[in-house]
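Below is what I looked up, in the order I got to it.

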Amino acid sequence: MSTARGRRRSALAVAAVILLGAFGFLLYGGIDSNVVFFLTPQELLERGTAAYDVPVRLGGQVQPGSVKWDPEKLDLRFVVTDTGGEAVTVHSTGAPPQMFRDGMGVVVEGRYHRDGVFQSTGLMVKHSNEYRKPEHGDRPQEMYKSLTKGAGS
Amino acid sequence: MSHAVPLETESPPAAVGVTRPIEWLGLVALLALVGAQLLGVLTSPPDRDMGHLQKIMYVHVPAAWNSFIAFFVVAICSLLYLWKGQERHDLLAASAAEVGTVFTALTLALGSIWGRPTWGVWWTWDPRLTSTAVLLLIFVGYLALRSFVEDADRRAQWSAAVGLLGALNVPIVYMSVKWWRTLHQMQSSPSTVDPEYVVGLRANGIAVLLVLVYFIMKRYRAARVERLAEQLEERAALEGRDHA
């Protein structure tokens, strides 16, 4: 009986050490607070020549009015901006996700080339945490269809 | 476990078979779920950006919330076991872990189905998605550990430690979208969600909570019976050895 109790006590001690250790790890910055899934245009441009030709994710907002879509060649060009006003031109091929449009958040995977164009190998749409009913006059189903049509499918 | 274990008299098989109140809870949970789904799907307008795809919210988010609740139960019961050493806390932790694991898998699957048409990808190694996958794997490991360890005391101690460690991952999953820059959006709140959607989401959160409680109670009953069978087997084996 005493051995069982002793074993339980040592297990409790081990669990306590693991728990406290993990909490300390979290609290005192063991986890890098700079874990980022993507770079903003500003962060990418700040890297200077080190930004060229390395695989990276670029995230920001699709600059309104910058989208140029060629449905025959499935060729897409647009500008990604951040709140600081920095902008990077992105070139992508293939139909974008259905929610892609002016002003939407995006994350682009690819490489930034020396000609100043970010060549995309994958395009993701980043949705905000907002859910809103359509404003008076909006017709979401048609908006949604027009998005798919815009993608040239 | 070197001597014959006296059987617990508080849970003979006959008493375990009487499950009427639990079945009533199951029926209520099922009706609540159907009602809440109908409420959510039928009363909310299509979202401005994603149209009716917004409806996936009513299953993805409640599954995620309730998996967190299940792992919270695992943490509390694991601590109680390590403190008091009572078998019922171990069995309840195991039951909550089983249901939490299923709900986490469901969260990932539904999120993936939601992500494909909205984000454009089924999966990406974003901090929220990755930490949720780690949470799932830890509890799959927890369940595997339980089935591998034959000694009941040791199984309970080891799984209490793993259960605590796994539950510690829950706040990381929750905070991942605040701490780090992710593709997954931050938590919504009533200020970012129109009331038409909030009602359905809350109703479904509560309905899935009832389902969670029902599942955990069912699994707990089953765990008691399994443990009883295990004890009978152990006793039979020991008696057989003594007679030989």
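Which residue forms a salt bridge with Asp53(A)? I found Arg114(A), with the closest N and O atoms 3.7 Å apart. My rule for a salt bridge is a side-chain nitrogen of Lys or Arg within 4 Å of a carboxyl oxygen of Asp or Glu.

Before going on, I noted the ground rules. This is a predicted model, where local features need pLDDT of at least 70 and side-chain atom pairs count only at pLDDT 80 or more, while totals for chains, interfaces and linings use all residues. Residues are numbered from 1 along each chain as its sequence is written, chains are lettered from A and ligands numbered from 1 in the order in which they are written, and side-chain values use heavy atoms, with hydrogens and water left out.

**Salt bridges**

Helices (H or I, at least four residues) and strands (E, at least two) are DSSP runs, numbered from the N terminus.

**Where B meets A**

Between chain B and chain A the count is 4 salt bridges. One I looked up is Asp194(B) with Arg132(A), whose closest N and O atoms are 3.0 Å apart. On chain B, the elements giving two or more residues to the side that touches chain A are α3, α4, α6 (152-167), α7 and α8. I sorted that side into 24 nonpolar, 15 polar and 10 charged residues. For this sorting, Ala, Val, Leu, Ile, Met, Phe, Trp, Tyr, Cys and Pro are nonpolar, Asp, Glu, Lys and Arg are charged, and the others, Gly among them, are polar.

The contact (heavy atoms within 4.5 Å) takes 49 residues from chain B and 47 from chain A. The two chains bury about 4,200 Å² between them, 58% of it on carbon and sulfur atoms. Buried area is the accessible area (1.4 Å probe) that two parts lose on being put together, summed over both. In chain B, Arg48(B), Asp49(B) and Arg181(B) lose the most area to chain A, together 20% of what that side buries.
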